[in-house]
Amino acid sequence: MGTPVKEIQQAAGTLASDLPGVVVASVPVPAPGEAGEMVGLVRREVALCAQHRNPRRRTEFVAGRNAARMAVARLLGSSTVHDIEILKDATGAPFVVDHPRVRVSITHSNQVAVAVAAFVPVGVDLEADEARPAGFSRMFFSPHEQASMSAAPDDARQTMLNTLWTRKEAICKVGRWGSSLAFAALDCLDTDVRVADAAITVKSASAAGYVLSIAAEKKDLSEDG
């Protein structure tokens, strides 16, 4: 089966079209050994990549950075990606060197890496639409979300659960909240969500056996300066 990058890119592009100013890019994640490691990395990114001992994690890192570089270049209207360096801050979140107003988020799952860039806080999450362990929903979902899943048709519950999970992950990345955000207290059924002082819009889609969500803080998304 071919890598589903085109289908996911199309779905992500549709989501981003409802979030003006958010730019998205997707690339395949090669199997370890299929492509030279660290191809496309810029300067200090090489050292970051080398911290991962697992070959699969290194290929995911490279694919994620290259997708992010493409998204940032499109956001900035740049014709080259080679001067865009993406490091990580103290929380582990990616940031674009020399472009403090640009926000970027990266995700990868199995064969695909996706990144989004914008001039507002933004987050993206991609997950394979697969079964989750028993008790997963009770641990991470609000009573309202659990009730909605219980009311859904049997054949829709897995996708609904995975979609809600990507929504939570994408929203968490918007604020770089990490483990401080209690997922079970975060109700993500609506398009518009408020977390702390942030008003966030989140959009989701399914494609090629994956679920994807993009979230962005509600400001002037097209503002660049």
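The stops below cover a pair of helices and then some salt bridges.

Before you start clicking, keep in mind that this is a predicted model.

**Stop 1: two helices side by side**

Select residues 143–151, which make up helix H5, and residues 154–175, which make up helix H6. Their axes sit 9 Å apart, and the packing angle is about 155 degrees. Anything over 145 degrees counts as roughly antiparallel, so that is the label for H5 against H6. Turn the view to look at the crossing of the two: H5 and H6 cross with a right-handed sense.

Now show side chains at the contact. From H5, pick Glu 145, Ser 148, Met 149 and Ser 150. From H6, pick Arg 157, Met 160, Leu 161, Leu 164 and Lys 168. Colour them by type and you get four nonpolar, two polar and three charged residues in this contact of H5 with H6.

**Stop 2**

Time for charges. Side chains of opposite charge can pair when their charged atoms come close. How many salt bridges does a search of the whole structure find? The count is 11.

Pick Glu 85 and Arg 43, whose side chains form one with an N to O distance of 3.4 Å. Glu 85 belongs to the loop between helix H3 (55–76) and strand E2 (86–88), while Arg 43 is in the loop between strand E1 (23–28) and helix H2 (45–50). The pair therefore ties together parts that are 42 residues apart in sequence.

Glu 85 is buried, at 2% relative accessible area, whereas Arg 43 is exposed, at 51%.

**Stop 3: along helix H3**

Select Glu 60 and Arg 56. Their closest N and O atoms are 3.6 Å apart, and the two form a salt bridge. Both are in helix H3, four residues apart, which means about one helical turn separates them. Is Glu 60 buried or exposed? Glu 60 counts as buried, with 12% relative accessibility, while Arg 56 is partly exposed at 25%.

**Stop 4: one more pair**

Finish with Glu 127 and Arg 132, a salt bridge whose closest N and O atoms are 3.6 Å apart. Glu 127 is buried, with a relative accessible area of 18%; Arg 132 is partly exposed, at 27%.

Notes: Residues are numbered from 1 along each chain as its sequence is written. This is a predicted model: local features need pLDDT of at least 70, side-chain atom pairs count only at pLDDT 80 or more; totals for chains, interfaces and linings use all residues. Side-chain values use heavy atoms; hydrogens and water are left out. Axes are lines fitted to C-alpha atoms, for helices over the stretch in contact, and angles run from 0 to 180 degrees between N-to-C directions. Angles under 35 degrees count as roughly parallel, over 145 as roughly antiparallel, 65 to 115 as roughly perpendicular and the rest as oblique. A crossing is left-handed if the near helix is turned anticlockwise from the far one by less than a right angle, and right-handed if clockwise. Contact means heavy atoms within 4.5 Å. Ala, Val, Leu, Ile, Met, Phe, Trp, Tyr, Cys and Pro count as nonpolar, Asp, Glu, Lys and Arg as charged, and the others, Gly among them, as polar. A salt bridge is a side-chain nitrogen of Lys or Arg within 4 Å of a carboxyl oxygen of Asp or Glu. Buried means under 20% relative accessible area, exposed over 50%, partly exposed in between (1.4 Å probe, protein chains only).
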